[in-house]
Amino acid sequence: MENAIEIKHLQGGYGPKLTIHDITFNVPRGKLTSIIGPNGAGKTTLFRAITGMLPVKEGSILVNGEDSSRMTHKQRAQKLAIVNQTVEADFISIEDYVLMGRLPYHAPLQLFESKEDYAIAEESMKLTGIWNKREKMMNRLSGGEQQLAAIARALTQQTQILLLDEPTSHLDISHQMRILNLVHRLNRDRDLTVLLIIHDLNLSSEFSDQLVMLKEGRIHTTGTPEEVLTYENIETVYDTLVVTHSNPLSGKPCIFPVSEKHQTLIS
């Protein structure tokens, strides 16, 4: 299967300290891949290295077969659309915020958006369900609405790869499902390659084609949700007792944490 992103022997971190070590995995084209792992496992460092926000100390990242370190910021923005965990909720309308996604395509000295820019932004806002709120200020939106606006802005970049850093963090289950159902539809209907960082193991199981599980800055295991989300892997990586069963509708693994008072029942 052709890969949209190829990561080979990647090492990186902040200053002289390495946070991720010898990371190697592929992101298959047209699939949804999630990076999981406990706090401090290196998920955010890896995400920032892939997006170009953090310099790579060793190894390589190929995007559509091209070395990303040789790309300009504009070239990278035409290939990778990024939705960060924290959305810049400034005093700016949703429409103007979404239109910022067209900047990588502006000609030098271009001051105003074209009709095509507005048409693409409109389509993205309608797709994410925020078109009717386009005149609202970003700093007046809920966290879920801000994430939808950020996804709409990313879609206006018209890339084939979408990277999201914990898009469901701090959201209730309703907004979590709305965001992930949207991402899944984009992946399915637009053949969009998605790389996602997510904490919730059950959500990662339900929506992902491939999981990359990190522990202490290294890959512990990769594979399908069924291959990765075994109780042995979870207990080793998270140091927490769990029970796993299959979702009766999807067949995907479901994870149930075991409280201290019930641990004697599975000993």
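## Burial and basis of the model

A residue is called buried when its relative accessible area is under 20%, exposed when over 50%, and partly exposed in between, using a 1.4 Å probe and protein chains only. By this criterion, 48% of the 267 residues in the protein are buried.

The structure is a predicted model, in which local features need pLDDT of at least 70 and side-chain atom pairs count only at pLDDT 80 or more, while totals for chains, interfaces and linings use all residues. Residues are numbered from 1 along each chain as its sequence is written, and side-chain values use heavy atoms, with hydrogens and water left out.

## Overall form

The protein contains nine helices and twelve strands; these are DSSP runs numbered from the N terminus, with helices (H or I) of at least four residues and strands (E) of at least two. Its radius of gyration is 19 Å, close to the 18 Å given by the globule rule for 267 residues, so the protein is as compact as a globular protein of that length. The radius is taken over C-alpha atoms, and the rule is 2.2 Å times the number of residues to the power 0.38.

The C-alpha trace spans about 65 × 40 × 35 Å along its principal axes.

## An open sheet

Four strands, in the order β2-β1-β4-β5, form an open sheet with antiparallel pairing (two strands pair if DSSP finds at least two bridges between them). The edges are held by β2 (17–28) and β5 (66–67), each with a single partner strand, so one side of each has no neighbour in the sheet.

Strand β1 (residues 3–14) pairs with β2 in the antiparallel sense over eight bridges. Gly13 stands opposite Leu18 in β2.
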